Amino acid sequence: MMTDTSENVAEKLLSLSKKFGSEQAEVLITRGSNVSVEVRDGELEQAEGSDGLNIYLRVINDQKLASVSCTNTKMETLNQLAKRANEIANESIPNPFVGLADINDLTTTATMPSIDLSEPEGLIMKDPLKLKDLALKAEKAALNSEGISKTDGSSASASKNELFLATSNGFSNGYNKSVYTIVASAISTRDSMMERDHAFEQRVYFEDLPQPESVGMLAAERAKLMQGARKPVTGNYPVIFNERIASSIVSHILAAINGEAIARGSSWLLGDMDLKILPENVNLIEDPHLPRLLGSKPFDTEGLITSRKFFVQNGILKSWILDLKTSRQLGLKSTGNATRSGSPGVSNIELAGGNNTLNELCQKAGEGLMVCSLIGSSINQNSGDYSRGVTGFWFKDGEITHPVNECTIAGNLKEMIKDIVLANDSKPYLSRRVPSILVGNMTIAGN
């Protein structure tokens, strides 16, 4: 009797889809188990466990596409899914850019890299009490810090997930991934004014997590540092995006070079291919094969092998982020960046080229604002005009002078990134390895 493994379910669905007339079909299956625990005031507040299954079927007939999904493996459900997909596809409008990958471009067992992405046992999944212990220790460490009045609670979670892809032209493979997380919060009080902050740590392996006490203490330290925050003076000053949130700048670059934005013609970097957009010593690199990193993956969701690549090399824009559809629209080759969201996406990203400490970055800037958290956003995807609410610290002569809040920074992304200076403080265990970034001049709206 055939079991309901992802491979067997995919085979059934591809066979059923062909029975109902599909020319091309693709099945993507995701399975996951998650356990999470939240504590507050030293007591268990919530414990949850869940198992999830999602089955996505994509059918292409005469360049007409349909995508449908279900959440169980019953034969009756799969039969209805395949039938419905073909009915929708046959009534859809043709799109000349949709279609499966060429069979010669598909990842094979021989070419697929082996990446360490999942703990072999996942024992923590079977023992939520260990997660409770982590959360309690993190909260206790925060509360025991001088100057901390209370917390918003702490939490710990564990999950194991599988992604499996099968296509009608011969691809069939998958991989597993585990994720462990600790979150701690803290609230400091001075003169009846409260400031809160948090710390968040996430790893693929449980053994790679830092001690929960260190997470709680970091949340407490951050909350205490914000005591006495006030609005900064209004004017034009240098701005340092602290490593905590510096990846947001990279996210705006990635959105601007995404194939969907380029194909639509709605990107502030639309005409900048092969032009200098960053300082010449700066590189923007994707590396999807790094072990024990959350963003790693051996192939994309169209069965193409992933690879290390430069989106920006020596400051020069070298590549868009492409899947099959967007690459065909632009007359280019896919970069192996298809995602299950339906538009191109990236894995592990590094902004490289910095050799300054954070303190040296402050000294170079002289006086200005260090941003440590972001609130809301207003980004014009066509022009790159940028405006965000922020909190952080004012610095002068290379030294932090006081915390700031209730202010807004504004500029234009293209102007902001062209002369950035990088620190060397990126975290090697993150999927977005982005150091603190100095932008030479921005408008700060405060008092």
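Predicted model: local features only at pLDDT ≥ 70, side-chain atom pairs only at ≥ 80, totals over all residues.

**Stop 1: a strand pair**

Residues are numbered from 1 along each chain as its sequence is written, and side-chain values use heavy atoms, with hydrogens and water left out.

Now show strand 9 (residues 283-286) with strand 12. They pair in the antiparallel sense, over four bridges. Two strands count as paired if DSSP finds at least two bridges between them. Strands are DSSP runs of E with at least two residues; helices are runs of H or I with at least four; both are numbered from the N terminus.

**Stop 2**

**Stop 3**

Switch to side chains. A salt bridge here is a side-chain nitrogen of Lys or Arg within 4 Å of a carboxyl oxygen of Asp or Glu. The count by this rule is 22 salt bridges.

Select lysine 333 and aspartate 105. Their side chains form a salt bridge, 3.9 Å from N to O. The two residues are 228 residues apart and link distant parts of the chain. Lysine 333 sits in the loop between helix 7 (324-330) and strand 12 (349-352). Aspartate 105 sits in the loop between helix 2 (75-91) and helix 3 (128-143).

Relative accessible area (1.4 Å probe, protein chains only) sets the classes: buried under 20%, exposed over 50%, partly exposed in between. Lysine 333 is exposed at 61%; aspartate 105 is partly exposed at 38%.

**Stop 2: a buried pair**

Go to arginine 203 and glutamate 201. Their side chains meet in a salt bridge at 2.9 Å, N to O. Are these residues buried or exposed? Arginine 203 is buried at 11%, and glutamate 201 is buried at 14%.

**Stop 5**

Finish at helix 9 (residues 413-418). Lysine 418 and glutamate 415 both lie in this helix, three residues apart, about one turn. They form a salt bridge, with the closest N and O atoms 2.9 Å apart. Lysine 418 is partly exposed at 34%, and glutamate 415 is partly exposed at 48%.
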